[in-house]
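Below is a short report on one structure. Keep the sequence and the model in view while reading.

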Amino acid sequence: MAFVTALRRLAHVRLREYSWRTAAVTSGAWLTSQRSFTSSSPSLRSDNKVTINFVNRDGEKITVKGSPGDSLLDIVINEDLDFDGFGACEGTLACSTCHLIFDEDTYKSLGPVTDEEMDMLDLAYGLTDTSRLGCQICLTKSLEGVVARVPESVADIRQSKDESS
Amino acid sequence: MSGHKMLFSGLKLWTAGRSRWISRLHDDCSTKVCIVGSGPAGFYTAQHLIKARQDVEVDIYERLPVPFGLVRFGVAPDHPEVKNVINTFTQTARQSRCHFYGNVSVGTDVSVEELRHAYHAVVLSYGAEGNRGMGVPGEDLPGVHAAKDFVGWYNGLPSCRELRPDLSCETAVILGQGNVALDVARVLLAPLDILKKTDITQPALEALAESQVRRVLIVGRRGPMQVACTIKELREMVNLPNTRPELMAADFEGVAEALKDLPRPRKRLTELMSKTALEIPGEKEQQRRSGASHTWGFRFFRSPVEILADPERSRTAGIRLAVNRLEGSGEGARAVLTGEVEDVTCGLVISSIGYKSLPIHPSVPFDSRKAVVPNSMGRVQQAAGLYCSGWLKTGPTGVIATTMNSSFDTARSLVEDMESGTLDVSAAKPGSQSVSALLEKRGVKPVTFSDWEKIDGVETRRGEVVGKPREKLLTVEEMLQVARS
Ligand SMILES: Cc1cc2nc3c(=O)[nH]c(=O)nc-3n(C[C@H](O)[C@H](O)[C@H](O)COP(=O)(O)OP(=O)(O)OC[C@H]3O[C@@H](n4cnc5c(N)ncnc54)[C@H](O)[C@@H]3O)c2cc1C
Ligand code: FES
């Protein structure tokens with residue numbers, strides 16, 4: 001299992017690199033690209049896919065599909081979603097940049113949160129009572145249609161306030 | 001696995017080739033930006049710029065032959081996950097519109113003014129390499145070190161190689177209660193079996209193997225509700241094998257009552273600390289604690305007064321601490337001297353009261369009180385075309401994610417200025433072309449990113465032999481030698 005994850009991670013890094021470079025040539029279109037090789041992987045058969053709605057920092061809704069067992073971070077990477085800086089530590093619970101906000105019912109249905117996840121969440125910007133780390137949430141069929149909001153980064157809002165005071 | 005690899009590297013070649021070709025097409029009308037410093041701030045600023053604008057080219061100048069700043073030389077060796085950001089930085093560096101020039105010290109090898117002539121915009125992100133001193137008598141005694149140097153020593157920062165701290169004493173005192181203090185405490189106390197699987201340097205590992213340090217006191221001016229560390233680092237201390245906490249119940253008076261009004265991060269942090277201090281542990285934990293040969297503890301309400309020397313005045317024998325009381329409450333509480341003092345016997349004092357940015361040149365605005373470059377959203381005040389990001393912009397606090405967000409903000413400001421015309425990009429600029437010529441004239445030979453990848457390869461291979469993720473090269477000479485091989 002660990003090996004499989006590592007392998008997938010490797011593939012993701014490569015994929016990201018690939019689309020980065022394509023984006024560089026297809027001026028403007030940073031994120032979109034069809035990658036036939038991901039869908040050829042047996043774990044990503046379309047029949048048991050789950051729909052996820054991300055709401056990005058500009059409030060736009062982005063609907064994608066993921067496979068049960070993938071983490072929400074995996075999906076952001078697989079689908080090349082352009083959330084700046086998302087997943088900096090690559091899902092190792094060391095950064096809090098994969099912070100996502102849910103509505104209360106969804107939050108409850110996501111199950112218990114470990115102390116370690118809470119610890120990292122405590123460093124997240126715009127922390128709410130229904131915040132989770134995307135790399136710690138595994139997709140299941142029951143999450144069909146889930147809405148996950150990427151919070152705004154407020155680093156400098158705070159800083160500029162400090163300066164003026 | 002190998003099939004995957006081939007497919008992807010094939011793609012890489014193809015796309016790399018194409019984008020290079022495209023970039024050559026609009027080489028001369030591109031906006032040329034240079035970044036000073038290749039830590040997280042430098043790389044995140046570059047990432048955002050390259051991504052936001054197809055017509056921007058970014059050159060990163062770095063003093064050392066190796067990139068990544070404090071990710072390599074600060075982050076503790078037992079935090080390898082934190083260093084995963086290097087993968088993203090590497091992707092940025094491999095972009096055709098990004099170039100890395102290591103071994104170039106801005107201010108010495110090339111001036112900020114020269115960079116400003118060569119580029120449309122210059123982003124300063126050279127971090128915080130200075131140190132806040134304690135300002136107490138005896139701080140120059142052998143056995144007293146700045147945390148910055150101690151951290152640099154175990155992480156292989158070339159300038160700290162000669163530190164060779166004397167670890168023959170039983171008690172070490174760390175001044176300051178932030179995450180760096182806890183990193184140092186952990187490294188001093190961690191079982192060797194943990195450390196030897198990390199990228200800690202071999203000399204540090206050997207010194208720690210001989211270390212007699214059994215007890216680490218982490219001293220702070222104020223109380224448990226004011227510590228600057230975060231909960232992850234505290235939990236690591238609480239769970240550190242072969243150690244037991246040494247906290248004083250009296251320090252936690254009134255803390256339980258104040259908890260309910262605290263914001264969640266502070267509340268959870270304080271709860272974990274008081275629980276560790278006050279709760280009678282379960283049987284298993286009791287067993288663990290009584291079997292532990294090492295201890296760590298917070299000493300609250302204490303300020304350093306003087307480092308005490310041994311009778312020969314040749315080395316550190318202790319520290320005199322003033323006892324404080326708190327005035328006010330919460331984050332803003334002030335430590336006030338009570339007049340009482342307390343002496344603690346110790347052979348090692350590590351002061352971890354903060355990093356500090358240094359001015360780079362009189363022509364660049366600098367706020368020496370806050371030790372930052374004065375800026376609004378990363379735009380250096382009264383200096384068109386000059387920007388700053390990272391610890392130089394915000395002061396030396398926060399985690400990499402903080403640095404990331406604030407670096408993206410700086411990049412956004414720069415892009416906004418390009419678009420609004422505030423930043424004049426109409427005239428073509430020579431960029432690295434003219435700087436390279438200057439450097440060549442001065443006998444400075446930059447290290448490219450692929451040169452660094454050679455160093456990286458050698459380090460990783462050396463590490464593999466001894467079961468570590470990498471064995472760092474420890475001198476600039478060695479790095480340059482491998483880079484040029
Ligand atoms: C001991 C320690 C441990 C930490 N641990 C963690 C952690 O576990 N997790 C976490 O999230 N954050 C951690 N941090 C915080 C993190 O390291 C910082 O947020 C981040 O590195 C700041 O980035 P920066 O780019 O501003 O500075 P730096 O990382 O310091 O980068 C500055 C770069 O500029 C270069 N430079 C300096 N002067 C010049 C010059 N004149 N010319 C050219 N180049 C120059 C330097 O060599 C360096 O590479 C830690 C910090 C410290 C000090
Ligand atoms: S990706 Fe870093 S904590 Fe989730």
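## Chain A

This is a predicted model. In chain A, take the contacts between residues at least 6 apart in sequence: 62% of them join residues at least 24 apart. Chain A has 165 residues, and 53% of them are buried.

The secondary structure of chain A consists of 6 helices and 5 strands. Read from the N terminus, the order is α-α-β-β-α-β-α-α-β-β-α.

## Parallel sheet of chain B

Chain B holds an open sheet of 6 strands. Their order is 6-14-7-8-10-9, and the pairing is parallel. Strand 6 (144-146) and strand 9 (243-245) are the edges of this sheet in chain B. Each has a single partner strand, so one side of each lacks a neighbour in the sheet. On average, neighbouring strands are turned by 20° against each other, direction ignored.

V144(B) stands opposite V349(B) of strand 14. Helix 6 (residues 147-154) of chain B packs on the sheet. This helix touches strand 6 and strand 14 of chain B. Its direction makes about 80° with that of strand 6.

## Antiparallel sheet of chain B

Another open sheet in chain B has 3 strands in the order 11-12-13, with antiparallel pairing. Strand 11 (302-309) and strand 13 (334-345) of chain B are its edge strands, and each pairs on one side only. From one strand to the next, the twist averages 20°.

Strand 12 (residues 316-327) of chain B pairs with strand 13 of chain B over 9 bridges, in the antiparallel sense. I319(B) stands opposite V344(B), a residue of strand 13.

## Annotated binding site

The unreviewed UniProt entry places a "binding site" feature at Q177(B), G178(B), N179(B), V180(B), R221(B), R222(B), E233(B) and G398(B).

G178(B) sits in the loop between strand 7 (171-175) and helix 7 (179-189) of chain B. Its relative accessible area is 16%, so G178(B) is buried under the 20% cut-off. Leaving out residues up to four places away in sequence, G178(B) touches A228(B) and C229(B).

E233(B) lies in helix 10 (residues 231-239) of chain B. E233(B) counts as buried because its relative accessibility is 10%, under the 20% cut-off. With residues up to four places away in sequence left out, E233(B) touches H79(B), N179(B), L182(B), D183(B) and R186(B).

## Nonpolar cores

The largest nonpolar core has 101 residues. Which of its members touch the most other members? They are V58(B), Y154(B), V184(B), L188(B), V216(B), F298(B) and L414(B).

L414(B) is in contact with V33(B), L49(B), A121(B), V123(B), Y387(B) and L423(B), leaving aside neighbours within four places in sequence. Another core, of 28 residues, lies apart from the largest one. Its members include I75(A), V76(A), L100(A) and L121(A).

Terms used:
Residues are numbered from 1 along each chain as its sequence is written. Chains are lettered from A and ligands numbered from 1 in the order in which they are written. This is a predicted model: local features need pLDDT of at least 70, side-chain atom pairs count only at pLDDT 80 or more; totals for chains, interfaces and linings use all residues. Side-chain values use heavy atoms; hydrogens and water are left out. UniProt positions are given in the numbering used here, feature names are shortened, and annotations may be inferred rather than shown by experiment. Helices (H or I, at least four residues) and strands (E, at least two) are DSSP runs, numbered from the N terminus. Buried means under 20% relative accessible area, exposed over 50%, partly exposed in between (1.4 Å probe, protein chains only). Contact means heavy atoms within 4.5 Å. A nonpolar core is a set of buried Ala, Val, Leu, Ile, Met, Phe, Trp, Tyr and Cys residues joined through side-chain atoms within 4.5 Å. Two strands pair if DSSP finds at least two bridges between them. Axes are lines fitted to C-alpha atoms, for helices over the stretch in contact, and angles run from 0 to 180 degrees between N-to-C directions.
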